[in-house]
Amino acid sequence: MASVSIEKVIEKFKLKNLTPQIDVENIKIHQPDINRPALQLAGYFEHFEETRPQIIGFVEFSYMENLSQERKEEVYPRVISEKTPCIIFCRGLHPDEMFMEIAVNNNVPLLVTEKNAAFALLSSCPTLHHPR
């Protein structure tokens with residue numbers, strides 16, 4: 001199965017890496033599809049594809065801002081799985097401290113684009129299907 005390194009994705013899409021302490025050169029995306037984890041943030045994990053890159057757009061981010069601390073403690077560790085190759089925040093949005101801490105502990109790179117989620121979703125597909 002073809003794969004592409006997170007390092008190449010960062011370069012190709014000019015993403016900002018919020019977790020430079022994580023070695024992105026050796027983390028690979030093996031799954032050509034992506035996921036927006038809105039349902040998972042709401043607590044529904046059946047059929048969750050944690051091996052896909054996760055895209056956090058404005059809707060997911062707005063929902064996350066309204067979660068209680070207790071709820072974040074329940075869902076964040078399940079969304080930020082050690083199997084997740086990366087999480088991309090769109091529109092220049094940044095995760096909260098707890099999200100960052102869990103990501104670093106699970107070796108999951110957090111990336112940011114200034115683009116909207118639709119751009120991130122559409123533009124990532126050719127790279128993931130045909131890595132160069």
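Biologist: Which residues does M64 touch, leaving out those up to four places away in sequence?

Modeller: This is a predicted model. In it, M64 touches L41, I56, K72, Y76, F89 and F99.

Biologist: Which residues have the most contacts inside the largest nonpolar core?

Modeller: M64 is one of them.

Biologist: Now the helix pair. How do I read the packing of α4 and α5?

Modeller: Two packed helices are described by the angle between their axes and the distance between the axes. Here α4 and α5 pack at about 25°, and their axes are 11 Å apart. Angles under 35 degrees count as roughly parallel, so α4 is roughly parallel to α5.

Biologist: Is the crossing left-handed or right-handed?

Modeller: α4 passes α5 in a right-handed crossing. On the α4 side, the contact is made by Q69, K72, E73, Y76 and P77. On the α5 side, M98, F99 and I102 take part.

Biologist: On to the sheet. What is the strand order?

Modeller: The order is β2-β6-β5-β4, in an open sheet of four strands with mixed pairing. β2 (16–17) and β4 (54–56) stand at the edges. Each has a single partner strand, so one side of each is left without a neighbour in the sheet.

Biologist: In what sense do β5 and β6 pair?

Modeller: Strand β5 (residues 87–89) and strand β6 (residues 110–112) pair in the parallel sense, over three bridges. F89 stands opposite V112 in β6.

Biologist: Which strands does α3 lie across?

Modeller: Helix α3 (residues 58–65) lies across β4 and β5. Its direction is at about 75° to β4.

Biologist: What is P85 in contact with, leaving aside its neighbours within four places in sequence?

Modeller: The contacts are I6, I27, K28, I29, E50, T51, R52, P53 and P109. Take P53 as a case: P85 and P53 are 32 residues apart in sequence. In space they are 5.7 Å apart, C-alpha to C-alpha.

Conventions:
Residues are numbered from 1 along each chain as its sequence is written. This is a predicted model: local features need pLDDT of at least 70, side-chain atom pairs count only at pLDDT 80 or more; totals for chains, interfaces and linings use all residues. Side-chain values use heavy atoms; hydrogens and water are left out. Two strands pair if DSSP finds at least two bridges between them. Helices (H or I, at least four residues) and strands (E, at least two) are DSSP runs, numbered from the N terminus. Contact means heavy atoms within 4.5 Å. Axes are lines fitted to C-alpha atoms, for helices over the stretch in contact, and angles run from 0 to 180 degrees between N-to-C directions. A nonpolar core is a set of buried Ala, Val, Leu, Ile, Met, Phe, Trp, Tyr and Cys residues joined through side-chain atoms within 4.5 Å. Buried means under 20% relative accessible area, exposed over 50%, partly exposed in between (1.4 Å probe, protein chains only). Angles under 35 degrees count as roughly parallel, over 145 as roughly antiparallel, 65 to 115 as roughly perpendicular and the rest as oblique. A crossing is left-handed if the near helix is turned anticlockwise from the far one by less than a right angle, and right-handed if clockwise.
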